[in-house]
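Me: I would like to learn how to read a structure like this one. Can we take the features one at a time?

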Amino acid sequence: MYRGIFRQSSKLSPGCHPLSDGFSFAVWAPNAAYVSVVGNFNGWSPDAEPMVRRGNGIWYTEIPKLPSGELYKYRIVTPDGRVYFRADPCGRYAELRPGTASLTWRSSYRFRHDRAHRRRTEALPSRDSRPLSVYEVHAGSWREGTENYRALADALSVHAKEFGYTHVELLPVTEFPFDGSWGYQTTGYFAPTSRWGTPDDFKYFVDTLHNAGIGVILDWVPAHFPRDEAGLRIFDGSAIFEHPDPAVSEHPSGARCVSISKTNTSGIFSSPPPCGGSTSTISTGSGWTLCPPYSTGI
């Protein structure tokens, strides 16, 4: 599995993670000849922050004194000289469209209600015996004036509780480039879309719903991804996330279908999405995930 590749290589974590002073970066690009981190902080210089190849095709580096909120991409060079600029497949924060970069992020949010929500959840009867009532919502169009995670949380928690719902289900909020897809063409599987706020704003959403006794379900779309240049298609110059034959990998919508038969890549599509939690219940294919009542956070 994707995360297993990293665990086998000095227990590295995929993506960008805060250090005491700066950030670490790790990306899987097994067929790349050279990878570097580029961004505003180094003038998008191709050689300012080269990455070191570790085992299992992982590239890694640490950049000291790098602040939170900096744009970055991976510059990937193939053995035959092709150059790609890719967003982070495991990035936790994405640039607002039409931008396609990832952003460094150091969270300052502390969950206020997870423990209380966990106690309430554990005190309930088993899932098989208690009723479930789910209210499905598109975050960007539910109600005028609530087009951000915090305003949506405040209004939706009251509404759902008033009408007796046990859960709120959000249409996909993992980062996506095209508004018209309503989130079903994902480019950032671990980043809540920046259309409606920051990762900490999304944590506030989950925290507020949990405080109201409302569970949070996210639509999760790991079956296919769009062809956008900064995304996963031929990520390192080869088809590491999809089938190499377009006749097999091409989706009727023009997207690329995930090749879940590849054990090295399928794990990225069955890992917990950004619900502010450390554990999740996830179905395979296009499905849903239940945000846990407690977490260590994004």
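Reply: Helices (H or I, at least four residues) and strands (E, at least two) are DSSP runs, numbered from the N terminus. The model is predicted, so local features need pLDDT of at least 70 and side-chain atom pairs count only at pLDDT 80 or more, while totals for chains, interfaces and linings use all residues. Residues are numbered from 1 along each chain as its sequence is written, and side-chain values use heavy atoms, with hydrogens and water left out.

Me: How many helices and strands does the protein chain have?
Reply: Six helices and 17 strands.

Me: What is the average pLDDT of the protein chain?
Reply: pLDDT is the predictor's confidence in each residue, from 0 to 100. The protein chain averages 84, and 78% of its residues score at least 70. Residues 275–290 have a pLDDT below 50, yet this stretch has 60 contacts in the model beyond near neighbours in sequence. A contact means heavy atoms within 4.5 Å. Residues 292–298 also stay under 50, with 30 contacts beyond four places in sequence.

Me: What share of the contacts in the protein chain joins residues 24 or more positions apart?
Reply: Take the contacts with a separation of 6 or more. Residues 24 or more positions apart account for 67% of them.

Me: Which strands form the open sheet, and in what order?
Reply: Two strands pair if DSSP finds at least two bridges between them. Here four strands form an open sheet in the order E1-E2-E5-E4, with antiparallel pairing. Strand E1 (15–19) and strand E4 (52–53) stand at the edges with a single partner strand each, so one side of each has no neighbour in the sheet.

Me: How many bridges join E1 to E2?
Reply: Five, and the two strands run antiparallel. A hairpin connects E1 to E2 through two residues.

Me: Is E2 mostly covered or uncovered?
Reply: Strand E2 (residues 22–28) is mostly covered, with seven of its seven residues buried. Gly 22, Ser 24, Ala 26 and Trp 28 point one way, while Phe 23, Phe 25 and Val 27 point the other way. Over the protein chain, buried residues make up 53% of the 298 residues.

Me: Which peptide bond is cis?
Reply: The one from Arg 97 to Pro 98, with omega near 10°. Pro 98 is in the loop between strand E7 (83–86) and strand E8 (102–103).

Me: How do I read empty space?
Reply: Rolling a probe the size of a water molecule over the atoms shows where empty space is left. The work is done on a 1 Å grid over the protein atoms alone. A cavity is a set of points where a 1.4 Å probe fits but cannot get out. A pocket is an open set with protein on both sides within 12 Å along at least five of seven lines. Lining residues have an atom within 4 Å of a point. Grid points are joined across faces, edges and corners, and a volume is the space filled by probe spheres set on the points.

Me: What lines the largest cavity?
Reply: The structure holds one cavity of 30 Å³ or more. The largest cavity has about 40 Å³ of space. Its lining includes Cys 16, Tyr 72, Arg 92 and Trp 105. For classes, Ala, Val, Leu, Ile, Met, Phe, Trp, Tyr, Cys and Pro count as nonpolar, Asp, Glu, Lys and Arg as charged, and the others, Gly among them, as polar. This lining has six nonpolar, two polar and one charged residues.

Me: Which residues are closest to the centre of the second largest pocket?
Reply: That pocket has a volume of about 290 Å³. Of its 23 lining residues, Ala 87, Gly 99, Thr 100, Glu 175 and Thr 187 are the closest to its centre. The lining divides into eleven nonpolar, seven polar and five charged residues.

How values were computed
Buried < 20%, exposed > 50% of the residue type's maximum accessible area, 1.4 Å probe, protein only.
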